[in-house]
Amino acid sequence: APAGPRQRFDAMISGEERIEPRDWMPDDYRATLIRQIAQHAHSEIIGMQPEGNWITRAPSLKRKAVLIAKVQDEAGHGLYLYSAAETLGVDRAELLDLLHEGRQRYSSIFNYPTPTWADVGAIGWLVDGAAITNQVPLCRCSYGPYARAMVRICKEESFHQRQGFEILHVLARGTPRQRAMAQDAVDRWYWPSLMMFGPPDSESAHSGKSMAWRIKRYSNDDLRQRFVDIIAEQVRALGLTLPDPDLAWNAERGHYDFGAVDWAEFTAVLKGDGPCNRQRIEHRRAAHADGAWVREAARAHAAKQADRAAA
Ligand code: ACO
């Protein structure tokens, strides 16, 4: 007898074939992808805010040009990801409504403020560094459109990470005040960057299924460990330190040991009580409302084109 759609789907997953939009897929596979891809897209566009804050005050013309390009890349990532989500049968307008109503999430990391220029460096180095660690395995995600979007995004993220590292490298070798500013930014961003990988495996509601479906390839804790191992080495090249007295190489494990993440803080940020949650969502809603005329104009133009084609 010919295999049913469920068997074909399972065989494709175990055979490392990509699932494409027109293939049959279980409802909960589709729902998980929509949740994750939408959350990811929302993170990219909300993530423009903390750094956008420094565009008008970047310390040189060159720094300003680089930062504008970087923030623009994040907008582009959001667009690829909304497109990837739309292949699953949802509309981006709906997803934006869910974000604006607080019914879909975006990454906890973008709820922290950027009071100094060094924050732009720390975001590039730590936040984009964590994003790459999490996203490189997503290039092998079982859902084709998401995996392909990730390839380009990861290339751009690695440029972002280098520009962040370079900003901190220059500051760390500058005046004592610049050096202190770099260290302060690293102190504030380090722990929140570890929270980007999600709750501990024991608390991760979706990991079991997502790993079985090969959406996720590694667990939250495994990726967090991989990131700590990378950052603990790179911080030495910067000549700065990480704010964790328990950080120590463990030769037996072949990994760095590190201190406990403050999961109460993570929970509070997810609930909406981080330092900038309200500000981020208000700004996003206002930007959406301000852009209404652009959407209307695009619709009117499309209608005219369609009329002309029909005439
Ligand atoms: N910020 C906000 N919410 C989070 C975070 C975080 N850092 N980590 C986990 N969560 C949420 C999950 O969305 C889930 O919420 P829900 O059940 O209400 O939907 C809940 O916490 C439990 O977490 P998990 O079961 O571990 O969730 P999941 O399996 O989806 O793993 C992870 C979380 C690792 C973030 C995964 O979704 C992922 O890899 N996403 C793609 C990467 C991404 O979104 N990056 C955005 C930041 S990087 C950037 O934009 C530069």
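**Exercise 1. Place G254 in the fold: in which loop is G254, and what does G254 touch?**

Step 1. G254 sits in the loop that connects β1 (248–250) with β2 (255–257). Strands here are DSSP runs of E with at least two residues, helices are runs of H or I with at least four residues, and both are numbered from the N terminus.

A word on the model before we go on. This is a predicted model, in which local features need pLDDT of at least 70 and side-chain atom pairs count only at pLDDT 80 or more, while totals for chains, interfaces and linings use all residues. Residues are numbered from 1 along each chain as its sequence is written, and side-chain values use heavy atoms, with hydrogens and water left out.

Step 2. G254 counts as partly exposed because its relative accessibility is 32%. The classes are buried for under 20% relative accessible area, exposed for over 50%, and partly exposed in between, using a 1.4 Å probe and protein chains only.

Step 3. Setting aside residues up to four places away in sequence, G254 touches D229 and W249. Contact means heavy atoms within 4.5 Å.

Step 4. Now look across the model: G254 and Q305 are 51 residues apart in sequence, and their C-alpha atoms are 62 Å apart in space.

**Exercise 2. Is H77 buried or exposed, and which side chain joins H77 in a polar contact?**

Step 1. Find H77 in helix α4 (residues 61–86).

Step 2. H77 is buried, because its relative accessibility is 0%.

Step 3. The side chains of H77 and E44 are joined by a polar contact of 3.4 Å. A polar contact is a pair of N or O atoms within 3.5 Å; within protein, one must be able to donate a hydrogen and the other to accept it, and residues adjacent in sequence count only if both atoms are side-chain atoms.

Step 4. Beyond neighbours within four places in sequence, H77 is in contact with E44, I153, E156, E157 and H160.

**Exercise 3. Which residues of the largest nonpolar core touch the most other members?**

Step 1. A nonpolar core is a set of buried Ala, Val, Leu, Ile, Met, Phe, Trp, Tyr and Cys residues joined through side-chain atoms within 4.5 Å.

Step 2. The largest core has 77 residues, and Y29, L33, I37, W125, Y143, Y146 and W189 touch the most other members. Helix α7 (residues 144–172) gives the most to this core, with 9 residues.

Step 3. For background, nonpolar side chains in soluble globular proteins tend to be buried together.

**Exercise 4. Which residues come nearest to the ligand, and how much of the ligand's accessible area does the protein cover?**

Step 1. Of the 29 residues around the ligand, Q39, S108, S204, H206 and K216 come nearest. A residue is near a molecule or strand if one of its heavy atoms lies within 4 Å of it.

Step 2. Check the polar atoms. Q39 has a polar side-chain atom 2.7 Å from an oxygen atom of the ligand, and Q36 has one 3.4 Å from a nitrogen atom of the ligand. M196 places a backbone N or O atom 3.4 Å from a nitrogen atom of the ligand.

Step 3. On its own the ligand has 970 Å² of accessible area, and the protein covers 90% of this. Accessible areas come from the Shrake-Rupley method with a 1.4 Å probe; for residues, only the protein chains shown count as cover.

Step 4. Two or more residues of the shell come from each of α2 (27–46), α6 (118–135), α7 and α11 (263–273). Helix α2 gives the most, with 6 residues.

**Exercise 5. Where are E16 and R214, two residues with a positive phi?**

Step 1. Most residues other than glycine have a negative phi.

Step 2. E16 has a phi near 60° and lies in the loop between α1 (5–14) and α2. E16 is partly exposed, with a relative accessible area of 44%.

Step 3. R214 also has a phi near 60°, and its loop runs between α9 (207–212) and α10 (220–238). R214 is partly exposed, with a relative accessible area of 26%.
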